[in-house]
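Welcome! Take a look at the sequence and the fold below, and then let us walk through a few of the details together.

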Amino acid sequence: MTATATALLPALTAQVRAAAHRTPRTGACACAPEAVLADRDDATVVRHGGTVAKAHAPGTDPTDLAARLKVAAALHGTLLPPLGETAIPLHGRLVTLWEAGTPVDRDDPDAAPWEAAATLLARLHSTPPAQLPHPLPDMRGPAKAARAMTRMRAAGPHPAAAPVERAWATLPAWARAEAPAPLPKLLCHGDLHLGQLVRTAEGRWLLIDVDDLGLGDPAWDLARPAAWYACGLLPPEEWTRFLTAYRAARGPAVPADGTDPWPALDVPARALTAQTAALAVAKSVRENRTLDEIEQAVVDACDRMAALPPELAPTTTK
């Protein structure tokens, strides 16, 4: 770990403590001790009281992040708004501040807010890009999938890498971040999963994490639950809840008339499956262990995908 990385966490802790107490205190802080919510290469997140500070990934483009913060501030009924639209430089990273919320309870899958997630996505996707307060870059979903493949290749040889590579090779260029996404480009979250929702103090669910927010194919935001469903990792009833709620909210990523959604979802779901499998393989090489049951299920799905060409939606171009 570099000296800069070692210094980041205490500096970020001091930053969030100061932000949580914007007015001078006359006594000791009564808040619970700071909680490190994440400490990864791509993000470090610390909470103090009702405030969260996030150090974004090294190399984050300040112009792109500023644009995403402006959009989050404007779409405050869909996205959690930042506490200020300007990122703070700190030890070579860009830091943003946010109101703390309650995350989805991972230990209570029956209470997963699939309907809320779907409705928020539909609302996000239906926001006309021309009405955004600032132009946005492309959403970063395909770029993250391509980066996962790079990580797998850099990790070293593994027998499970071959089916992942074969599945990746079947995808059109846009899904591999080698060409622009199909038109029309709509507002997308770019990295949707249940960990990207928090419940506010008022009881509203909102989407968080704007790092991948941008313009692209909205089907990408449905791709992870679609992939889990296709791999047998998400029960059919939960997938149905999610898809039904998205359609009820008139989300544009799939046909609203109840026809087969899979031509629109197939390519993004395949890309997310390959991304998940690539990260699993890289992790297993790094930790010198075999794949666990869930990781193997995703790799097996890649093996099946490689034998069948993807279904292409009518607007999709290679």
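Predicted model: local features only at pLDDT ≥ 70, side-chain atom pairs only at ≥ 80, totals over all residues.

## A walk through the fold

Residues are numbered from 1 along each chain as its sequence is written, and side-chain values use heavy atoms, leaving out hydrogens and water.

Helix 4 itself covers residues 141-155. (Helices are DSSP runs of H or I with at least four residues, strands are runs of E with at least two, and both are numbered from the N terminus.) From first C-alpha to last, the 15 residues of helix 4 reach 21 Å, close to the 21 Å expected at 1.5 Å a residue; the expected span is 1.5 Å times one less than the number of residues.

Several residues of helix 4 are buried, including K144, A148 and M152. Buried means under 20% relative accessible area, exposed over 50%, and partly exposed in between, using a 1.4 Å probe and protein chains only. The buried residues of helix 4 pack against helix 5 (161-169), helix 6 (220-231) and helix 8 (262-287).

K144 also has a polar partner: its side chain is joined to that of D212 by a polar contact of 3.4 Å. (Such a contact is a pair of N or O atoms within 3.5 Å; within protein, one must be able to donate a hydrogen and the other to accept it, and residues adjacent in sequence count only if both atoms are side-chain atoms.) D212 sits in the loop between strand 9 (205-207) and strand 10 (214-216).

Which residues touch the most other members of the largest nonpolar core? They are L197 and L222, in a core of 47 residues. Helix 3 gives this core its largest share, seven residues. A nonpolar core is a set of buried Ala, Val, Leu, Ile, Met, Phe, Trp, Tyr and Cys residues joined through side-chain atoms within 4.5 Å.

How many disulfides does the structure hold? It holds zero, a disulfide being a pair of cysteine sulfur atoms within 2.5 Å. The sulfurs of C231 and C302 are 7.4 Å apart, so they are too far for a bond.

| Residue | Relative accessible area |
|---|---|
| C231 | 15% |
| C302 | 0% |
| D212 | 2% |

Note on methods: Contact = heavy atoms within 4.5 Å.
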